[in-house]
Amino acid sequence: MLQPRIPVNPLPPGHPAPTARTEPVTTPAPVAVPVPSTAPRHSVQLTPGSAVALAAGGGTVVLVVGAVLVSMLLAVAISAASIAVVAVVLRLLVRDMQKGR
């Protein structure tokens with residue numbers, strides 16, 4: 001009653017069941033498509049002014065991202081300290097209530 005029942009497969013695995021009669025499919029021969037030639041790429045040339053601007057922009061990005069990360073860390077630290085103070089105050093209040101004061 002509680003034994004598993006394994007279904008019997010009439011065909012061994014890997015042999016698909018015969019289906020309706022199908023016509024053989026013929027595929028057309030592949031056609032060679034010419035590859036368009038690409039123009040030679042020119043390398044980027046930096047002038048001294050553009051190099052300074054690029055360095056200043058990168059430095060600005062680093063400073064802004066650093067300021068954002070430090071402010072987020074400071075916000076987490078302030079929140080954790082305030083939660084710790086609240087926990088200590090609540091613990092003292094509960095202890096005083098249990099003593100009956």
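How many residues does α1 have, and what distance does the helix reach from its first C-alpha to its last?

1. Helix span. The model is predicted. In it, α1 has 52 residues and reaches 77 Å between its first and last C-alpha. That value is close to the 76 Å expected at 1.5 Å a residue.

2. Secondary structure. The protein chain contains 1 helix and 0 strands. Helix α1 covers residues 48–99. Gly100 follows α1, and its phi is positive, near 90°.

3. Burial and surface. Of the 101 residues in the protein chain, 0% are buried. The chain exposes about 10300 Å², and 71% of this area is supplied by carbon and sulfur atoms.

4. Nonpolar patch. Val61, Val64, Val65, Val68, Leu69 and Met72 make a nonpolar surface patch of about 540 Å². On the numbering of such positions, a general point applies: an α-helix has 3.6 residues a turn, so residues three or four places apart point the same way.

5. Val64. This member of the patch lies in helix α1.

6. Ser71. Ser71 is also placed in helix α1. Its relative accessibility is 39%, so Ser71 counts as partly exposed. The side chain of Ser71 reaches the backbone oxygen of Val68 at 2.7 Å. Val68 is itself one of the residues that make the nonpolar patch.

7. Point to keep in view.

Notes. Residues are numbered from 1 along each chain as its sequence is written. This is a predicted model: local features need pLDDT of at least 70, side-chain atom pairs count only at pLDDT 80 or more; totals for chains, interfaces and linings use all residues. Side-chain values use heavy atoms; hydrogens and water are left out. Patches are made of residues with over 30% relative accessible area and no salt bridge: like charges are joined within 9 Å, nonpolar side chains (Val, Leu, Ile, Met, Phe, Trp, Tyr) within 5 Å. Accessible areas come from the Shrake-Rupley method with a 1.4 Å probe; for residues, only the protein chains shown count as cover. A salt bridge is a side-chain nitrogen of Lys or Arg within 4 Å of a carboxyl oxygen of Asp or Glu. Helices (H or I, at least four residues) and strands (E, at least two) are DSSP runs, numbered from the N terminus. The expected span of a helix is 1.5 Å times one less than its number of residues. Buried means under 20% relative accessible area, exposed over 50%, partly exposed in between (1.4 Å probe, protein chains only). A polar contact is a pair of N or O atoms within 3.5 Å; within protein, one must be able to donate a hydrogen and the other to accept it, and residues adjacent in sequence count only if both atoms are side-chain atoms.
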